[in-house]
Amino acid sequence: MLDLKQLNYFITCAETGSISEAAKLLYTTQPSVSKAIKALENDMGTVLFDRMPRGITLTAKGREAYRYACRIVNDSRMLEEMSRKNMARYLRISLNPSSWFTNQFVEFYKDNYEKDYHFEIYTAGVRTVMERVRDYLSDIGFVYVMEQQIKEFQYELSKNRLSFYTMQESTATFYPGRRNKLYQTGQVNQQGQAEQQGQADQPGQEIPMEKKTDLQKPDQKWKVSMDEMKQLRFIQNYRDEFLELGDREKRGVFSWEELDVAVITNSDYIMEKMLRETDLSNISGSYLSDDKKAANKGIPLEFKKNKIYFGYIRRKNDEQNEMIDELLEFLDEKLKQDKLKDTEDK
C-alpha cells in the first residue's frame with residue numbers, strides 16, 4: 001500500500017541522486033530511507049533506481065513514477081493548505097527571472113486582493129520551468145525563448161505533452177553597462193563623447209542621465225558587432241539551455257559559446273545594479289523593466305534569428321482555470337500598453 005511518506009522519500013532521493021543526501025534533507029537515517037525505497041519498489045513491482053558506485057539514478061520506470069509522485073504529493077499539499085486556510089483558489093507559477101513580470105504580478109495581486117487568491121511563485125531557467133509544469137509542480141510557466149532555440153524547444157514540449165503560447169515577440173538587445181565603452185560610443189559627436197568619457201573614468205561617479213540622453217538621438221542607429229562583444233564580459237539571468245546548433249546552423253547566428261559570461265544570476269536587482277555600476281553587459285529581449293531601461297536604451301542585435309518570444313507553457317488538455325485566464329488577460333493588456341508606450345516614445 002503506497003503512502004505519502006514513501007513518495008516523499010522517493011522524490012527526495014530522485015532529486016538528490018543520493019540516499020545519504022536524501023536522509024539528511026528528510027532528517028532521518030540512511031537505513032530508513034533505503035527501507036522505504038525498497039518497500040515502494042516491492043509494492044510497485046518494479047525497480048525505480050539503478051544503484052551506481054556513487055549515488056543512484058532513476059530507471060525509465062522510475063522517471064515515469066517520479067512525475068506521478070510529484071503530482072500526488074503536491075496535490076495533497078494543496079488539499080492541506082485549502083483545509084487549513086479555507087482557500088478556494090490557489091495558483092502555482094514558474095517563470096524565468098523577470099522584473100517586468102514581477103511588477104505586473106504585484107499590480108495584479110493588488111487589483112484582486114479582495115478575491116483572496118493565493119500563489120506560489122518559483123523562478124528558474126527555461127528547462128526547469130518546463131519540467132515543473134510537466135510534473136504538476138506548477139500550473140503555468142512563463143518563459144523567454146530565443147528564435148534559434150525554437151526547434152529544440154518545440155521538440156521538448158511535444159515530448160512532454162506541453163504547449164507554448166506566444167504573448168509577445170521582441171528583438172534580442174545588447175545592453176552595455178554604464179562603465180562600458182559601448183555605453184557612450186556609437187554615432188555620436190566627439191565633443192559629447194569626450195565629455196562623458198571623462199566622467200566615466202572617475203571611480204564611483206555615475207554618469208548623469210541628462211548627459212546620456214543628449215548623445216542618444218532617436219534618429220541615430222547604434223550597432224555592435226560580434227567581434228566587439230567577444231571582448232566584453234556579460235551578466236545573464238541564465239544560460240541558453242536549448243542552444244545546441246551544428247556548425248552549419250551557427251553561421252550568422254548568435255552563440256553564447258563565443259562570449260564571456262562572467263556572472264549568472266536569477267536576481268534582476270543584481271542585474272540592474274551591475275549594469276549601473278560596472279562595465280558588464282547583458283543580452284535580453286526589449287521587454288526589460290523600466291529600471292533596466294533607465295540604465296541604457298540598448299542596441300538591437302542584427303543577426304539571423306534575432307527574435308525573442310515571451311509566452312507561457314501549459315499541459316495539453318488541462319482544464320480551464322479561471323485564475324490563469326484572469327492573469328493572462330491582465331498581462332496581455334499590460335503588453336499592449338507597453339507596446340503603445342514604446343511606439344509613442346519613438
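Accessible areas here come from the Shrake-Rupley method with a 1.4 Å probe. On that basis the accessible surface of this protein, a predicted model, comes to about 19,500 Å², and 47% of that surface belongs to carbon and sulfur atoms. The protein has 346 residues, of which 46% count as buried, and its secondary structure consists of 15 helices and 12 strands. Of the contacts between residues at least 6 apart in sequence, 76% join residues at least 24 apart.

**Aspartate 135**
- Aspartate 135 is in the loop between helix H6 (126–134) and strand E5 (140–146).
- With a relative accessible area of 3%, aspartate 135 is buried.
- Its side chain makes a polar contact of 2.9 Å with the side chain of arginine 134.
- Beyond its neighbours within four places in sequence, aspartate 135 is in contact with Tyr66, Arg67, Cys70 and Arg71.

**Charges over tyrosine 136**
- Arginine 71 lies over the face of tyrosine 136, 3.9 Å from the ring centre.
- The charged end of arginine 315 also sits over the ring of tyrosine 136, at 4.0 Å from its centre.

**Aromatic pairs and cluster**
- The whole structure contains 15 aromatic pairs.
- Phenylalanine 105 and phenylalanine 119 form an edge-to-face pair, because their ring centres are 4.9 Å apart and their planes stand at 85 degrees.
- Phenylalanine 105 belongs to helix H5 (residues 99–111) and phenylalanine 119 to strand E4 (residues 118–123), so the pair ties together parts 14 residues apart in sequence.
- Phenylalanine 105 is buried at 15% relative accessibility, and phenylalanine 119 is buried at 19%.
- One aromatic cluster is formed by Trp100, Phe101, Phe142, Tyr144, Tyr165, Phe310 and Tyr312.

Definitions and conventions. Residues are numbered from 1 along each chain as its sequence is written. This is a predicted model: local features need pLDDT of at least 70, side-chain atom pairs count only at pLDDT 80 or more; totals for chains, interfaces and linings use all residues. Side-chain values use heavy atoms; hydrogens and water are left out. Helices (H or I, at least four residues) and strands (E, at least two) are DSSP runs, numbered from the N terminus. Buried means under 20% relative accessible area, exposed over 50%, partly exposed in between (1.4 Å probe, protein chains only). A polar contact is a pair of N or O atoms within 3.5 Å; within protein, one must be able to donate a hydrogen and the other to accept it, and residues adjacent in sequence count only if both atoms are side-chain atoms. Contact means heavy atoms within 4.5 Å. Rings of Phe, Tyr and Trp (its six-membered ring) pair if their centres lie within 6.5 Å; planes under 30 degrees apart count as stacked, over 60 as edge-to-face and the rest as tilted. A charge sits over a ring if NZ of Lys or CZ of Arg is within 6 Å of the ring centre and within 35 degrees of the ring normal.
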